[in-house]
Amino acid sequence: MYLKPFLLPTFFLLLFYQTILGQRKSTDSLQNKSFEYLRQAFEEHEENQEVSTVYVNAWIKKAKRERDTFNLAYAYLHKSYVLDYQYAISYSDSIINLTKEYKNDEFPALGYMLSGYHHYVNGKDKKAIELYLTAFDYALENNNVNQLVEIKQFIGTLHFNLGNYKEALKVFKNQFLYFEGNPNIKIKYISDYLITLDDLSKSYLRGKILDSALAFTEKGIDASLNYRNDEMYHRFLLNSGATYYFMEDFEKAIDSLNKVKPKLSGHGLAICLYYKAKIYQNKDIKEAMPYFRKVDSIYQETQNSFIELRDVYKTMFDYYSSNGTNREQIQIIKKLIKIDSIIDVDFKYINNSIIKDYEIPKLRKEKEKLELELIERDMKSELTIILLISFLLLCVLLMFLFYRKQKLYKKRFERVINKEETAKTNLKNSKSLTSISELNVSEEIISQILKKLETFESEYHFTKNDITLNKLSRDFNTNTSYLSKVINHYKKESFSNYLNNLRIDFAIKELKNNKLFRNYTIAAISEETGFNNPESFSKAFYKKTGIYPSYFIKQLEQI
């Protein structure tokens, strides 16, 4: 009993040592593999940083041992993709230093492009431009068409982001003319061609040259449909909605925006909702406000700023000045001041009409005035009593909510602990084959998949943490469509929910019956049950049971 506190740390130290030793052994065992094998293995496992790191480290070690400069540079390039900004920059600088004196068609231009890219995604636009211009010189010297296309496109994008729309248009026009004059290159780099059309459309839109914006938008829609590029098609639909809005053809604008809205998220969704809000604002500001609030909500979540945010907060401030409280006005003023400073830094562009009407000093004075009014109102004699009563009521409410929450958790725990194993994951009790015509899958294939799923469950293969729909379908010698349809039909849930529920059921069973398992940390339990991290395990556990695993284990220990 006295040894227990020491056994667990010792166990995990041994586990850690074995893991490190295993990784070193894995790296050494890969030294006989070709560079191409290591590259492909890295790309196949890129989403799993722990596995991909083993392959790229083996790649680096092999290149150093064989003194292969360019393979070492490629290995550094790939490793930078899975590293944080500071380390990624260090690796891109190493590529430049390695290849400066040993030029080939791709290096050292690729090193400068990589460094420029990492600076760009971390907000260092000026530094990114310098690096891409240096890369351009090397790419031009080596006549590397692919690099020249990418660099020009990127430099144009940076000009656009900085608000230099005239310079951006020059770059994008040259890119467009280059593609149109070289049909073979246009087809080979069709994604870059579509991006050029998108950039031209947006640049003309920013400059309010609406006919040209619409012309390139429609050209982009036709091209993206022709080459079946859904992502770019959605971009052009969004551009179409914005262009029709400025043309005051609100019916066509709404049609485009409604078509693309379900396909968007994050920044794109915020832009879509902004233009919908502007259309409704022409009719009734009250109809527009929910859309403006949603744009604000998306920005607060993503922190991805864009110029239109100025207008969002300006409009919200005007609305709350007439219809809102002082606190709402103060909140919006703070956001407007903040976004104004961010956009000045990020885009170096100032909308004169907004600054003239809502310059920062004026906003700050308005904010101070509103805050003073609040203070004077709050100085009333009854304030202290009201606050005290409110505080006491809050304490009572919190105690009540805490008690109710504990009671609810207790009921959920008892329901989980007393629950018999259901037939949900038992293939023998699966739904009959009476509705297989709906699946468009043969009975033979369904039977094979169900049999393999039974083995998959009974032998606990679901506890492996690298399972994906693609990998499992390959293991089953079938395709992802068939496997997904069978699971959806017979298990009544999606593949991810099916996998998570199997793992949670397994965890509950082990925690109930295996005392040693209960002594594991949450991180160790999540790994044993197939989850990649403790957070995803805890969320899945709570989703299925309504309680967290730590609470479940604590209650088990008390029984």
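Q: In helix α4, how many of the twelve residues are buried?

A: Burial is read from relative accessible area, with under 20% counting as buried. In this predicted model, α4 is mostly covered, since nine of its twelve residues are buried. The buried residues are N71, L72, A73, A75, Y76, L77, H78, K79 and S80.

Q: Against which helices do the buried residues of α4 pack?

A: Packing is read from contacts between heavy atoms, taken within 4.5 Å. The buried residues of α4 pack against α2 (35–44), α3 (49–65), α5 (85–99) and α6 (109–121).

Q: How does helix α7 compare with the span expected at 1.5 Å a residue, and which of its residues are buried?

A: Helix α7 covers residues 125–142, and its 18 residues reach 25 Å from the first C-alpha to the last, close to the 26 Å expected. Its buried residues are D125, A128, I129, L131, Y132, A135, Y138, A139 and N142. Following α7 comes N143, whose phi is positive, near 55°.

Q: How many salt bridges does the structure hold?

A: A salt bridge is read from a side-chain nitrogen of Lys or Arg within 4 Å of a carboxyl oxygen of Asp or Glu, and the structure holds 19 of them. One of these joins K62 to E66, with the closest N and O atoms 2.9 Å apart. K62 counts as buried because its relative accessibility is 8%, whereas E66, at 39%, counts as partly exposed.

Q: Which parts of the structure does the pair of E308 and R206 tie together?

A: The salt bridge between E308 and R206 has its closest N and O atoms 2.7 Å apart. E308 lies in the loop between α16 (285–302) and α17 (309–323), and R206 lies in helix α11 (residues 190–206), so the pair ties together parts that are 102 residues apart in sequence. E308 counts as buried at 8% relative accessibility, while R206 counts as partly exposed at 28%.

Q: Where do K259 and D255 lie?

A: Both K259 and D255 lie in helix α14 (residues 250–260), where they are four residues apart, about one turn of the helix. Their side chains meet in a salt bridge with an N to O distance of 3.4 Å, and D255 is partly exposed, with a relative accessible area of 39%.

Q: Which residues are linked in a network of salt bridges?

A: The network links D198, K202, E231 and R235.

Q: How many disulfides does a search of the whole structure find?

A: A disulfide is a covalent bond between the sulfur atoms of two cysteines. A search of the whole structure finds zero disulfides. As for individual cysteines, C272 counts as buried at 0% relative accessibility, whereas C395 is partly exposed, with a relative accessible area of 28%.

Q: Which residues make the nonpolar surface patch of about 450 Å²?

A: The patch is made by L394, L397, L398, F400 and L401. Among them, L398 is found in helix α21 (residues 383–418), and L398 counts as partly exposed because its relative accessibility is 48%.

Notes
Residues are numbered from 1 along each chain as its sequence is written. This is a predicted model: local features need pLDDT of at least 70, side-chain atom pairs count only at pLDDT 80 or more; totals for chains, interfaces and linings use all residues. Side-chain values use heavy atoms; hydrogens and water are left out. Patches are made of residues with over 30% relative accessible area and no salt bridge: like charges are joined within 9 Å, nonpolar side chains (Val, Leu, Ile, Met, Phe, Trp, Tyr) within 5 Å. Accessible areas come from the Shrake-Rupley method with a 1.4 Å probe; for residues, only the protein chains shown count as cover. Helices (H or I, at least four residues) and strands (E, at least two) are DSSP runs, numbered from the N terminus. Buried means under 20% relative accessible area, exposed over 50%, partly exposed in between (1.4 Å probe, protein chains only). The expected span of a helix is 1.5 Å times one less than its number of residues. A disulfide is a pair of cysteine sulfur atoms within 2.5 Å.
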